[in-house]
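Okay, thanks for coming, everyone. Let me put the structure up and walk you through a few spots in it.

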Amino acid sequence: MPSDVGFVITPGGSLRGRVRVPGDKSISHRSIMLAAIAEGETRISGFLEGADALATLAAFRRMGVGIDGPDAGEVVVRGVGLRGLRAPDGPLDMGNSGTSMRLLAGLLAGQSFPVTLVGDGSLSRRPMRRVTEPLALMGARIGATEGGTAPLAISPAPGLRGIDYRMPVASGQVKSSLLLAGLYAEGETCVTEPAPTRDHTERMLTGFGYSVRRKAARVCLTGGGRLSGCRLDIPADISSAAFFLVGASIAAGSDLVLEGVGVNPTRVGVINILRAMGADIELLDRRMAGGEPVAEIRVRAAPLKGIRIPVDQVPLAIDEFPALFVAAACAEGETELEGAEELRVKESDRIQVMADGLTALGIRAEPRPDGLRIVGGTIGAGRIDAHGDHRIAMSFAIAGLRAGGAIEVSDCANVETSFPGFATLAAGAGLGIVETRG
């Protein structure tokens with residue numbers, strides 16, 4: 001993947017028409033993982049053909065799983081059952097995908113062969129103790145660097161044991177990793193979360209016929225069952241839709257419909273927060289697809305106001321905050337975020353990088369250890385370093401809709417990991433964006 005991809009955004013414009021963003025990345029990852037260890041064939045539609053999800057797919061191919069596609073989002077997986085994976089011929093490269101590495105750490109902890117998980121420079125700096133430590137309580141044997149980062153060397157364990165784990169910090173990735181390890185553990189594995197996190201793993205396990213018990217903030221399963229192949233339809237990714245939700249909200253004259261977007265209650269924090277800021281967002285034609293709630297989302301330009309972001313919405317919008325920070329920059333008054341320290345350890349330090357970028361564009365942004373204070377104002381022209389973070393790059397691209405001059409964003413190659421074709425789709429909707437390679 002080239003490292004010299006950039007965006008140049010001309011100021012102004014509006015977003016109009018109908019667009020469909022790519023398939024949900026979180027669900028795409030999980031669809032391959034569970035289909036691979038199911039018995040029988042699983043047919044998947046809407047699969048995200050971005051680098052992150054493709055890293056997961058490639059890993060299971062190397063562990064002996066027969067996979068056809070992806071072809072226009074269609075994938076066929078011939079599952080090998082819970083105990084049918086085979087040792088790969090070398091380390092499994094997760095690229096930039098933290099979801100792949102953290103979830104696979106749990107799934108592979110119960111295998112009978114050793115395997116090492118590696119990643120790119122960014123992924124190799126991100127914390128893994130949040131999954132390796134609770135997995136160790138189950139009996140997993142996972143080696144990491146002295147700093148608790150990748151590579152992760154997973155050795156066969158004599159037998160995983162179910163645990164009752166209360167997560168200190170809400171994390172859908174930690175919950176999913178423990179539940180996947182629980183499939184291979186003796187007895188019951190339970191996870192209690194301090195705040196709701198995305199529940200795609202639980203929903204999908206149920207779709208594969210595996211019994212999952214949920215009560216309030218606690219989810220449990222018993223190891224040793226079986227998964228059965230099925231049909232999965234993956235909705236459009238609300239995290240990718242977030243850039244268009246913000247863009248259409250801040251750009252005068254915008255009237256945009258986003259098609260077939262997943263509106264899982266554990267993922268709609270971005271909608272809730274934008275509505276609290278005054279956004280004009282409607283959910284139309286609500287329905288279920290593949291066990292997930294889906295809707296058409298219509299968003300029209302509206303004056304936004306600064307708010308104190310409710311703490312209970314933070315886990316429901318953790319990946320969407322870079323885009324929401326742009327909304328805050330365009331809002332009247334101040335927006336304050338607290339309780340989001342996880343943003344410090346994403347693909348970049350998203351609190352500091354967004355604060356630096358907004359400041360460079362003339363917006364007052366004060367970083368805090370667990371959040372950010374933004375005073376709405378006038379976005380100016382400038383040059384932004386995305387630090388290889390796909391969500392930073394796309395957020396500053398959308399900021400161009402309200403900028404007083406051109407915005408240049410560098411180090412954007414990793415946009416392809418989550419949103420292949422972003423620049424083309426955004427340009428078709430009305431954003432003045434040109435992708436550069438030089």
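Let's start with Met33, which sits in helix α1, residues 25–36. Helices here are DSSP runs of H or I with at least four residues, strands are runs of E with at least two, and both are numbered from the N terminus. Before I go on: this is a predicted model, where local features need pLDDT of at least 70, side-chain atom pairs count only at pLDDT 80 or more, and totals for chains, interfaces and linings use all residues. Residues are numbered from 1 along each chain as its sequence is written, and side-chain values use heavy atoms, with hydrogens and water left out.

So, is Met33 buried or exposed? Buried, with a relative accessible area of 1%. Buried means under 20%, exposed over 50%, and partly exposed in between, using a 1.4 Å probe and protein chains only. Leaving aside neighbours within four places in sequence, Met33 has contacts that include Thr56, Phe60, Leu103 and Leu180; contact means heavy atoms within 4.5 Å.

Now the backbone. Most residues other than glycine have a negative phi, and most peptide bonds are trans. Here, the bond from Gly69 to Pro70 is cis, omega near 5°, and Pro70 is in strand β4, residues 66–71. The bond from Ala150 to Pro151 is also cis, with omega near 10°, and Pro151 lies in the loop between β8 (141–143) and β9 (152–155).

On phi, Ala72 has a positive value near 55°. Ala72 is in the loop between β4 and β5 (74–80), and it's exposed, at 72% relative accessible area. Asp285, not a glycine either, has a positive phi of about 50°, and that one is in strand β16, residues 280–289.
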